[in-house]
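Dear colleague,

Please find below the structure I promised to pass on, followed by my notes on what was found in it.

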Amino acid sequence: MALFKTITLLCLLVVSVLAIKGEIRKFPDTLSFGVATAAYQIEGAWNASDKGESIWDRFTHTTNSIKDKSNGDFACDSYNQHKRDVEMVKELGVDFYRFSISWSRILPNGFSNKISQDGIAYYDSLIDDLLEANIKPYITLYHWDLPQSLQDLGGWTNPMMVDYFTDFAEVAFEAFGDRVKTWITFNEPWVVCIEGYGGISKAPALGMNGIAEYICAHNILKSHAKAYHLYDDLYRSTQKGRIGWSLNANWDHPATKSPADIEAAERAIQMNLGWFAHPVFSKEGDYPQVMKDRVARNSLAQGYRRSRLPEFTPEEIAYIKGTCDFFGLNHYTSTMIRSLTTTISMEPNFRDDVDTDCFYDPSWPEATSSWLKVVPWGFRNLLNWITKTYNNPEIMVFENGFSDKNNKDDVDRISYYNQYLNALLDAIEDGCNVTAYTAWSLMDNFEWLQGYTERFGLYYVDFNDPRRPRTPKASALYFKSILETRTIERNCNAQLNRNGTG
Ligand code: GAL
């Protein structure tokens with residue numbers, strides 16, 4: 001690691017020189033830093049010991065959907081190499097490591113009547129190694145890999161999932177809660193429901209647009225709330241941890257200053273982020289009014305006898321409200337929004353319900369992922385929108401990152417992090433209460449439908465080598481230097497930020 005040390009020293013030197021020129025910004029002590037991964041994307045060992053099959057095992061083994069025809073059978077082999085993972089996390093100098101638990105690794109048949117001792121031992125060892133290295137373990141309970149046995153019962157369209165998920169959560173609290181103090185129930189429920197139930201770009205690829213995503217979200221909201229209450233009632237007083245979830249959101253920017261576009265952009269953010277955030281974080285709870293109105297109106301016009309958006313009872317609204325100790329946010333990019341006046345199609349469709357035209361400004365710099373454009377001011381705007389709309393919650397950013405193809409000298413990723421971290425500091429100066437920032441991802445990994453063709457890692461993983469060696473990219477060294485000094489230079493790559501401040 002001599003090279004690692006030399007480059008770190010060089011980075012520190014550059015930072016010090018910039019500090020002398022007065023272009024350095026300091027992060028507040030209240031902001032902690034981490035890196036993230038997810039079980040299916042890194043662990044491999046898909047059938048090791050008594051592990052059960054997950055929907056991603058089934059999806060990758062039985063469909064032709066993955067771009068490079070790959071799967072997560074072996075992935076980064078973290079099941080066998082977690083000690084190296086912890087070493088990397090330590091090298092970076094982060095405060096916490098956010099990873100997820102594979103449900104079917106600890107509950108092979110999905111239910112809590114049979115607990116895998118090997119599954120528990122794996123996470124025990126990871127947690128202990130992290131604590132030994134002075135890094136806090138943050139656990140995501142559900143990062144998309146449902147046991148196939150529960151999918152066979154309808155997955156998130158089955159209301160019984162509320163209990164099954166709570167049972168799974170309880171097993172995790174019991175096994176790990178003595179050492180884990182930050183819990184994230186669900187990662188990006190919007191993606192789970194829109195892409196896996198309404199659409200077909202994530203497992204289980206149900207494709208029942210306009211119907212299944214609303215049922216899925218309804219059950220996930222209830223599952224989250226029940227797990228929260230369980231923790232609150234039975235575990236919080238002894239384990240003294242915190243629990244929330246992580247919602248994905250773009251910044252939806254009005255394409256023009258016209259009242260119609262401004263309203264459309266607000267509607268887009270309410271019906272995407274607000275769909276999950278409003279029931280938990282707003283004063284009144286429940287789905288956003290605009291969402292209830294739109295889906296009900298379209299459903300009636302399409303001949304349904306009731307809204308395709310299920311209704312909560314007043315008791316359920318009260319039960320779900322307030323069930324997060326922090327506002328977890330995954331953010332990568334922004335979209336431009338124009339208002340539309342479409343005639344209502346007879347086929348139900350989430351996009352018609354929202355009824356906006358989304359596009360990317362062609363001047364925005366691009367990542368390898370087609371959906372990822374570099375728009376740092378959108379991050380600042382979004383953080384301010386959340387702060388204003390939900391009465392200044394504590395915001396923990398649990399994912400932010402940039403994709404490329406195959407690059408260890410990843411200057412574009414460095415530029416992205418520099419700009420987005422500056423935008424984060426701007427938002428903190430605006431008054432947003434942001435207490436965590438997490439880079440996605442610790443290392444290159446299985447990027448869902450894109451297989452291994454899009455890389456998000458700070459560490460490079462050689463997927464052609466059976467040993468899956470990991471090497472720090474230039475961005476890992478950059479991130480490390482930021483963490484060492486808890487400072488950052490002001491927009492060192494401002495030339496990439498061509499779009500002003502929105
Ligand atoms: C998020 C997801 C991660 C990762 C990332 C990059 O939506 O939570 O698992 O894939 O996007 O696409």
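A residue is called buried when its relative accessible area is under 20%, exposed when it is over 50%, and partly exposed in between, with a 1.4 Å probe and protein chains only. By that criterion tyrosine 287 is buried, since its relative accessible area is 2%. This is a predicted model, in which local features need pLDDT of at least 70 and side-chain atom pairs count only at pLDDT 80 or more, while totals for chains, interfaces and linings use all residues. Residues are numbered from 1 along each chain as its sequence is written, and side-chain values use heavy atoms, with hydrogens and water left out.

Tyrosine 287 touches, beyond four places in sequence, a set of residues including Trp275, His278, Lys292 and Phe312, a contact being heavy atoms within 4.5 Å. Its side chain is also joined to that of histidine 218 by a polar contact of 2.7 Å (a pair of N or O atoms within 3.5 Å; within protein, one must be able to donate a hydrogen and the other to accept it, and residues adjacent in sequence count only if both atoms are side-chain atoms).

As for the ligand, an oxygen atom of the ligand lies 2.8 Å from an N or O atom in the side chain of glutamine 41, and polar side-chain atoms of histidine 143 and tryptophan 448 each lie 2.9 Å from a ligand oxygen atom.

On confidence, pLDDT (the predictor's confidence in each residue, from 0 to 100) averages 95 over the protein chain, with 93% of the residues scoring at least 70.

Best regards
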